[in-house]
Amino acid sequence: MNTWRDLCDDARRSLAAAGIESAEVEARWMLEEVSGYEPAELFRNGADRPPERAVARLTSMVERRVAGEPVQYVLGHWSFRRLDLLVDRRVLIPRPETEIVAEIALEEAVRLGATRGKRSSWAATDTDYYLADLGTGSGALALALVDELPRAQVWATDVSEDALAVARANLAGAGTAAARVRLAVGSWFDALPVWLRGQLRLVVSNPPYVANSEIVSLPPEVAGHEPLEALVSGPTGLEAIERVVVGGAEWLEPSGAVVCEIAPHQAADAVGLALDSGYEQAFVRRDLAGRDRVLVARLGVGSSRWPTSSTSTQCSSDSVTEQPR
Ligand SMILES: C[S@@+](CC[C@H](N)C(=O)[O-])C[C@H]1O[C@@H](n2cnc3c(N)ncnc32)[C@H](O)[C@@H]1O
């Protein structure tokens, strides 16, 4: 093995031999990681000889991947919307469906009067409403919100100190907007200061929603490497969603809303739970794969703008309607 190109070929062959379908692209990602090159630079410098430590690092990455570790942990970072987040075994790997949760949360914030704008340099103290991201993990949702809502302050909580350490590192690398994220440890709303009760405009969460009995059906790459407490909720799978929805009714402003990721089969239960908890409107929106994925529960409906065609089940206190596609 003499050149970057040889190293890449070798990595690709090892990954492919281990049955990894995307061996080609993963080998390139790993090469970019150990070389520090952009893709075009890697191509241009492909005939150069890599330093020993890059070879050693790549060998270790390939071994970890071949042993079944998710490529995101092997690389040590992963993208979420416009962010590049550090990820390791202490946190769930941010998923594409959670990017939709962020988008829907941003839309709800705008519906509730927030101004949306990209990558603002607004000062940390210049905020005028509060949001919460409960079970923040890597900080993905909290950072996506402050990234686009220049006047929001987001309370990002987790029961796991380990997860919050990763979130803290991500805040440090996310620029000035991250100064508007406050981290707090504790179980769901218990992590928040009491003065926030009744003051939250929006509660966003991607809580654990796998039932105990479903653990066996999780892919080994997930069950064997990602933190189980980030995935598994309890006997029904609805326990954490219930904590978020029921707590939201106490902690939101009178017109506030909860935006919460759910599993597709939980849609009807989640909507029922929200309506039983006193929310005026509750419905579920779909992810990009067309699966019911995001519960939106509005406590009081100031301005009622029903969502667009990605909506599936819509319910208000006495109706359930299937939205035409
Ligand atoms: C599905 S992960 C979501 C992580 C991140 N928000 C994301 O979307 O990538 C669920 C998160 O909830 C946290 N969690 C589990 N039980 C909790 C509890 N009782 N209170 C607060 N957070 C909890 C886990 O530690 C984990 O970080």
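At what angle do helix H1 and helix H4 pack, and how far apart are their axes? In this predicted model, local features require pLDDT of at least 70 and side-chain atom pairs count only at pLDDT 80 or more, whereas totals for chains, interfaces and linings use all residues. Residues are numbered from 1 along each chain as its sequence is written, and side-chain values use heavy atoms, with hydrogens and water left out.

To the question, then. Helix H1 (residues 4-17) packs against helix H4 (residues 52-66) at about 15°, and the axes are 10 Å apart. Helices here are DSSP runs of H or I with at least four residues, strands are runs of E with at least two, and both are numbered from the N terminus. The axes are lines fitted to C-alpha atoms, for helices over the stretch in contact, with angles running from 0 to 180 degrees between N-to-C directions. H1 and H4 are therefore roughly parallel, a term for angles under 35 degrees.

On the H1 side, the contact (heavy atoms within 4.5 Å) is made by Trp-4, Leu-7, Ala-11, Ser-14 and Leu-15. H4 contributes Ala-54, Val-55, Leu-58, Val-62, Arg-65 and Val-66.

The largest nonpolar core has 37 residues, of which Phe-80, Leu-131, Leu-143, Leu-145, Leu-149 and Leu-202 touch the most other members. Such a core is a set of buried Ala, Val, Leu, Ile, Met, Phe, Trp, Tyr and Cys residues joined through side-chain atoms within 4.5 Å; buried means under 20% relative accessible area, with a 1.4 Å probe and protein chains only. Among the elements that each supply at least two residues of this core are helix H6 (96-111), helix H7 (140-148) and strand S9 (252-261). Leaving aside neighbours within four places in sequence, Leu-143 is in contact with Leu-83, Leu-85, Asn-170, Leu-171, Ala-174, Ala-178 and Val-181.

Two individual residues remain. Val-232 is found in strand S8 (residues 232-234) and is buried, with a relative accessible area of 15%. Val-210 lies 22 residues from Val-232 in sequence, yet the two are 4.5 Å apart in space, C-alpha to C-alpha. Not counting residues up to four places away in sequence, Val-232 touches Pro-208, Val-210, Ala-211, Asn-212 and Ile-215.

Beyond its neighbours within four places in sequence, its contacts include Glu-97, Glu-261, Arg-285, Arg-286 and Asp-287.

Methods. Angles under 35 degrees count as roughly parallel, over 145 as roughly antiparallel, 65 to 115 as roughly perpendicular and the rest as oblique. Buried means under 20% relative accessible area, exposed over 50%, partly exposed in between (1.4 Å probe, protein chains only).
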